[in-house]
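Good morning, colleagues. Please have the sequence and the model open while I go through a few selected features.

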Amino acid sequence: MRSIILRTMTMYLLPLLLIFSVFLLFRGHNHPGGGFVGGLVASAAYSLYLLGFGIDKVKTIFRAQPIKVLAFGLFLAASSLVFPIFFGKPLMTGVWYEHKLPIVGSFGTPTVFDTGVYFTVLGVTLSIIFTLFEDKE
Amino acid sequence: MFLAVLSGFIVACIVPLIFKLNRKVAGALLSVLPLSLFIYYLQFIPNVLAGEKIYATFYWIPFLKINLNFLIDGLNLLFALIISGIGFVVYLYASAYLAKSEKIVPFYIYISIFMASMLGVVTCDNTLALFVFWELTSISSFLLIGFNHEQERSRYAALQSLLVTAGGGLALLASVIMLGQITGTYEISQMSDSHSNIISNLLYPSILILFLIGTFTKSAQFPFHFWLPNAMEAPTPVSAYLHSATMVKAGVFLMIKFLPILGGTDLWMWLLGGFGGWTMLMASSMALKQTDLKRLLAYSTVSVLGTLTMLIGLGGEKAVSAMIVYLFAHSLYKGALFLTAGIIDHETGTRDIRNIGELRKYLPITTIIGVLAALSGMGIIPFIGFIGKEMLYEATLQSGVYSPLFITITVISAINIFAVMAYSGILPFFGEFKSPSEHVAEAPFQMTSGPVALALLGLVFGVFASSTVDGITNKSLQSIFPLASHHLALFHGFNLPLLLSLLTIAIGLVLIAKRKPLVSFIEKIRIPEYFFPSKWYDYIFNGTLDFAEIQTKFLQNGHLRYYIFTILALFILLVGGSFFGFNTSESILNSIAISIERSLNGIDIYDISMLITVLIASVFALLSQGRLSAIASMGIVGALISLIYIIYGAPDLAMTQLSIETLSVILFVLVLYKLPRFFIHSKLKTRIRDLVIALAFGSLFSMIIIFVSAYGKYDNGLSEYFAQTSYLIGHGKNIVNVILVDFRGFDTMGEITVLSIAAVGVYSLLRLRKQGEEQ
């Protein structure tokens, strides 16, 4: 089932898809996209690689445990919600950096939150897929 | 002031660190915390004596009126001093008592949390914030009672106390909120202004009863008293601190604080006087037959709490001032007696009073502590306990029409307590020598110095009452009755209270001499089990568990298809019911006609072709004989739906849908691999049932959507608001995304949390099970 076409294609698609997922993440604020779909695209990219090369190979390029990525994402999202209270604002108020950053654009706690969503979705999908795949083998 | 309360929580965090640095002095080092708090509160004395009230405000959730408002007046300060003072004794004591225990670190963590919460309870003026501290004391008490969690009895007692006190706390919260609704304030110090408003309100009886459930559970009043004797499973320093000197007094504290707010009615008097009086009488009688030192003391504590409650019920200046002095005296002697019991237990290995005697030769200092404390508890001149008891008699005698009743039960209880104090504080040290352990040696100074101080203070405060405690107790009284004052003195002249005191002592001495026949007499009294509130607790507890089991078996049957079945059926029932309930069949038919007419106008070739493809794909999915083909056709349905999103202008949804479809196919393939060969399990009957439910659900949904699009008036307010503010407030042009990450960020947070839980669930089900099998 490990077709050479899939393998060759994946080699080129993986980095492209990952870049695309990050692009989607930051684009989301002004155009269609966002952390959720970005995370899904990223996990689709790794899943593609998984189908082409198998679980052991994926683990060499995705070294973190997916469950930790999930925890990181959740932590990032939650802390972005808590962050405003250090500025004397109620919980979950958006706090924005005045100037625009390159690539990211406007930067504020919602951006961090969306990034948290990205990592959570990535972690959730991959931990389910990896676990199922390992169970299979 | 906030920092003073907070310091306990902070210290709780660094306790493990301190023990890591130096285990030997850690306990002593930690005792600096209560000591410095004690000194901190001491410095308020001049201000309070001058009649000042010190406020400090920290905004927490201002728009809900939940603020950390602290107030120091006479009563609050008295309690804060008791808590930090006895706290110091207990911290020091425990450093030796638990020196060999591995669990000394959690002990100091829990007790620091407790002390901080308790200080919060007695200095907080905002009732909602006070509730938070209140429940924190319940939780730390739970942890401390369950300290020896290897023993089932400890766990049972811990859970019992938590359920009873925290459950009561919820009732308290309800009453506090109702009070807040009536008065418009959550500050205790402002509520008394609306006193007449409150007691004339229709809700007054329910407010009062809920309030009393909260305070009675905490202060172990009948019928909630049973948790306190069981709480003796905790280490002795904990019993001394939480379950006699401080936490159980929180209920009493709150009742006295609320006397000017809720008091002054017949209902108040009868509920508090009745339950308090009964608790006092019952507990003191039950105390007589106890053989375990700590249970002996526990029952006498319950009795004293009953006395205090009764006094608050009687109201009036005399009763309140008696209550304050009695409470103060009790904290001193009962704390000392508990610590004495701890020393006896620690040195001889038993707490059974039948197995100990003549310990004075081996425990000389402890003997002094025990005797001094017991004498104060017995109400012997010139101890402060004597003053307290005289005031108690005087207040009870002057309580009005029913004073003969109250004075009778008070004197009987006082006689019982007199005997109980002797049993616990004096008898173990005299008589013939008995001890399970041959080598009895005096406890180290960390354990004796604190109790010595407490016992001596009982004497000093008694002899020099007018020049020492008179001031602070007066100010405490004035926290409740601003214009009242009393004068503490050892000798009030030859009057009825003194006569009653002499009577108490005389009969008490008889009880001490005739302990054995007395106990066997009490044991002969048989009361059917179901009269005991502790049995009611067991019935309710087991009943709840049984009910939980039944409904879990019914609802959580473990079959996904039944879950879906239940959810859909319930949805059809509730939504369908209200839909057809509110709309006539005529209007529904009408709306369908309108909607069909409308949609036929704008229909084009894309719509029709997509519709047909979706239909074909779903029918194929239903009829297909293989899993893979079914999944593929479901994938087609999903892809077409995302196409519809694109055509109708929802690119965000389309993108997400498409990625989800892709990933679910991968997931399906992985899961497929694990499933057994495909065949049809279900009988024709169940298939028909499922068909009916599916059809009903689908048509109900279509009907609702058709109806809404034909008739429904959308409230565009929200969409317009989002459209206008998305860029201005949310800094984003993509409204969908701004809603997801900003306006409705809370929902998203919930969703990703649920997702994570699902992932962790899959992970643990598959991975951890596998690891378990390997082991």
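T10(A) sits in helix α1 of chain A, residues 4-27; helices are DSSP runs of H or I with at least four residues, strands are E runs of at least two, and both are numbered from the N terminus. T10(A) is buried, its relative accessible area being 0%. On this scale, buried means under 20% relative accessible area, exposed over 50%, and partly exposed in between, with a 1.4 Å probe and protein chains only. Leaving aside residues up to four places away in sequence, T10(A) touches P15(A), L48(A), Y49(A) and F53(A), where contact means heavy atoms within 4.5 Å.

A word on conventions. This is a predicted model, in which local features need pLDDT of at least 70 and side-chain atom pairs count only at pLDDT 80 or more, while totals for chains, interfaces and linings use all residues. Residues are numbered from 1 along each chain as its sequence is written, chains are lettered from A and ligands numbered from 1 in the order in which they are written, and side-chain values use heavy atoms, with hydrogens and water left out.

I turn to chain B and its hairpin. Strands β1(B), residues 54-61, and β2(B), residues 66-72, run antiparallel and are joined by seven bridges; two strands pair if DSSP finds at least two bridges between them. A56(B) has F70(B) in β2(B) as its bridge partner. Four residues lie between the strands of this hairpin, and K65(B) adopts a positive phi near 65 degrees.

Next, the salt bridges. Over all chains the structure holds twelve, each defined as a side-chain nitrogen of Lys or Arg within 4 Å of a carboxyl oxygen of Asp or Glu.

Which residue forms a salt bridge with K103(B)? The partner is E150(B), with the closest N and O atoms 3.2 Å apart. This pair links distant parts of the chain, 47 residues apart: K103(B) is in the loop between α5 and α6 of chain B, and E150(B) in the loop between α7 and α8 of chain B. K103(B) counts as buried at 19% relative accessibility, whereas E150(B) is exposed at 54%.

R351(B) and D292(B) also meet in a salt bridge, at 3.2 Å from N to O. R351(B) lies in the loop between α18 and α19 of chain B and D292(B) in the loop between α16 and α17 of chain B, so the pair ties together parts 59 residues apart in sequence. R351(B) is partly exposed, at 23%. A network of salt bridges links D292(B), D345(B) and R351(B).

Within helix α26 of chain B, K553(B) and E549(B) are separated by about one helical turn, because they are four residues apart. Their side chains form a salt bridge at 3.4 Å, N to O. K553(B) is exposed at 60% relative accessibility, and E549(B) partly exposed at 44%.

Finally, the largest pocket. A pocket is found on a 1 Å grid over the protein atoms alone, as an open set of points where a 1.4 Å probe fits, with protein on both sides within 12 Å along at least five of seven lines; lining residues have an atom within 4 Å of a point. The largest pocket holds about 2,800 Å³ of space. Among its 50 lining residues, those closest to the centre are I564(B), A621(B), L622(B), D690(B) and A694(B). Helix α32(B) gives the largest share of the lining, 17 residues.

Technical notes:
Points joined across faces, edges and corners; volume = space filled by probe spheres on them.
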